[in-house]
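Please keep the structure in view while reading.

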Amino acid sequence: MLGLAKRKTAVSTGLSVPVLLLLLAGAIFLVIGSLSSSIFAQQTVAGLAQGAIFGSLALALVLIYRATEVINFAQGELAMATTYIAYQLTLWGVSYWLAFFLTLVIAFALGVVIQVVVIRPVQHSVIAVVIITVGLFILIDGLVTWKWGADLKFMPAPFGNAVYHAGSVAFSRQDLGTLIVTIFSVILLWLLFQFTKLGLAMRAAALRPAAASLVGVRVNRMLALGWGLAAVLGAVSGLMTEPTQFLQPTMMQAILLYAFAAAVLGGLESPAGAVIGGLFIGVFLNLIGQYIGFATPELRLPMAFAVLLLVLLVKPNGLFGRRQVRRV
Amino acid sequence: MSFLSLQNASLRFGGIVALDDVSLEAEEGSIFGLIGPNGAGKTTAFNVITRLYRLDAGDVVFEGKSLLHAPPSRIVKLGIARTFQNVELFPTMTVLENVLVGAHTVSRFESERSVRAKAQKTLDYVGIGDVARRPAAGLPFGTLKRVELARALVSKPRLLLLDEPAGGLNHGEVDELATFIRTLRDDLKLTVLLVEHHMNLVMRVSDHVHVLNFGRTIASGPPAEIQRDPKVIEAYLGGELEEAS
């Protein structure tokens with residue numbers, strides 16, 4: 001067993017029974033709560049909509065983390081910048097949804113270009129990549145402010161302002177639309193990874209680059225595609241944030257922090273964990289804000305960090321994280 | 001012209017000489033054993049052939065063409081596949097998916113269904129068809145070695161590099177493996193390059209044995225000759241060779 005003893009890391013599968021039970025209990029709690037109180041139901045749906053945004057940005061972070069073991073600190077700013085591109089397109093008279101899809105294409109190209117031009121040359125060093133992403137954060141922020149200014153901008157409302165009523169419960173079309181668009185894009189991405197040759201090759205390249213290259217996977221190309229897809233997810237989160245936060249260069253900064261909390265809660269390596277983590281944080285913050293008197297909006301970010309800290313202390317691998325066993 | 005050759009290959013890592021002017025030639029259809037004490041440069045030679053390492057001097061020639069300008073991802077298309085000493089599978093994927101990644105290069109225009117069937121057939125061939133749907137992580141080491149072999153075989157290589165295939169196997173399994181390597185060669189018309197610590201196995205299956213020590217060639221020839229070579233016996237501190245065989 002000499003070979004086994006020399007292995008650097010062993011990976012066990014992520015899902016555990018207690019975690020599943022916990023999630024099930026949480027879901028039942030939300031359903032019962034929503035059935036017995038209309039305010040609870042409204043806050044839950046609004047929380048899910050916000051949480052889906054956190055989740056999609058968290059998923060973008062996880063995609064890049066899995067491939068390169070690096071947190072892309074520029075992910076939120078990239079999302080913000082692509083939202084400005086959509087804004088510019090609508091200024092030029094492009095309809096909202098056409099601008100939406102054009103922006104996703106542009107975001108993909110932008111992600112690929114960033115990986116090839118500034119990340120690939122330094123990718124052998126994790127710390128260099130991290131510093132580059134911090135630099136990108138500042139660069140993108142500066143460029144957007146220079147081009148469009150720091151004042152609030154407004155885009156056409158993608159879903160209108162209608163409100164649906166189900167009994168005494170009111171749902172905004174905006175929340176439902178956000179939820180559907182983000183969850184739909186996450187599902188599309190999952191299908192890509194799970195059921196296509198390209199997805200399989202991308203997973204292989206992220207898991208074991210050397211072995212993947214020796215079975216013919218072009219690892220560098222896959223990494224670039226990964227950055228492109230992460231940028232697309234980021235663009236979705238930015239575009240879905242715009243209707244509630246409006247356009248400003250700082251619009252994604254708090255959301256990036258919520259996405260960090262969501263990704264850590266999910267275990268950093270787990271795509272499903274990132275999305276569920278995002279939904280949890282969204283609902284959690286909304287319900288706490290509604291029912292706990294002292295929890296004013298100023299406490300939202302600190303509470304998200306309390307969750308993050310708690311996870312790191314109690315279950316550092318997150319809900320869906322894989323136990324990393326280092327053998328020497 | 002030989003099928004695969006290293007020509008005066010040299011490679012240094014800082015002050016350590018991993019390969020020192022090594023030349024070897026493997027004939028097509030042969031089983032070529034590469035042995036030597038720990039740190040002799042065997043796995044380094046594999047990594048050079050598969051382009052994970054870049055030579056400082058010398059050349060690697062496969063079917064008359066130098067490999068030095070091919071990126072690692074082209075190697076499998078040229079017909080070279082390998083396994084790893086410590087098993088480099090994709091742990092979160094299922095066994096079948098691992099093999100599907102291996103089929104990647106040879107299946108570009110094939111339907112997903114026929115590729116899957118081919119992957120399953122390869123798993124059956126190496127005797128682990130029943131674990132196809134299980135995640136790779138958590139399976140016993142011997143099974144993982146076979147998954148890796150299936151992943152290599154599914155790309156239809158003409159040259160197969162096996163890095164310590166007997167690692168973690170018990171005595172009976174090593175016997176089985178010896179037969180299996182020969183069957184593989186005959187069935188699939190392969191040339192096999194074999195790095196192995198298990199001396200008995202190497203001496204039994206190889207047509208030719210090449211011995212490295214501290215990155216240098218100390219002997220090369222048919223197994224019977226190598227077993228009697230005083231330099232080889234000395235490199236293994238006497239005893240071990242006779243004991244093992």
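**Conventions**

A residue is called buried when its relative accessible area is under 20%, exposed when it is over 50%, and partly exposed in between (1.4 Å probe, protein chains only). The model is predicted, and local features need pLDDT of at least 70, side-chain atom pairs count only at pLDDT 80 or more, while totals for chains, interfaces and linings use all residues. Residues are numbered from 1 along each chain as its sequence is written, chains are lettered from A and ligands numbered from 1 in the order in which they are written, and side-chain values use heavy atoms, with hydrogens and water left out.

**Aromatic pairs**

Rings of Phe, Tyr and Trp (its six-membered ring) pair if their centres lie within 6.5 Å; planes under 30 degrees apart count as stacked, over 60 as edge-to-face and the rest as tilted. Over all chains, the structure holds 17 aromatic pairs. One of them, formed by A:F40 and A:Y291, is tilted, at 6.1 Å centre to centre with 40° between the planes. Because A:F40 lies in helix α3 (residues 38-68) of chain A and A:Y291 in helix α12 (residues 271-291) of chain A, the pair ties together parts that are 251 residues apart in sequence. Helices (H or I, at least four residues) and strands (E, at least two) are DSSP runs, numbered from the N terminus.

A:F40 is buried, with a relative accessible area of 8%, whereas A:Y291 is partly exposed at 45%. One aromatic cluster is formed by A:Y96, A:W97, A:F100, A:F101 and A:F159.

**Nonpolar cores**

A nonpolar core is a set of buried Ala, Val, Leu, Ile, Met, Phe, Trp, Tyr and Cys residues joined through side-chain atoms within 4.5 Å. The largest has 136 residues, and A:V217, A:M240, A:I281, B:F90, B:V101, B:L123 and B:L160 touch the most other members. Helix α10 (residues 219-245) of chain A gives the most to this core, with 14 residues.

Contact means heavy atoms within 4.5 Å. Leaving aside neighbours within four places in sequence, A:V217 is in contact with residues of chain A, including A:A201 and A:M222, and with B:S73, B:V101 and B:H104. Apart from this core lies another, of 28 residues, among them B:L6, B:V48, B:I80 and B:L212.

**Chain B**

The secondary structure of chain B comprises 10 helices and 10 strands. Its C-alpha trace spans about 55 × 40 × 35 Å along the principal axes. Of the 245 residues of chain B, 56% count as buried.
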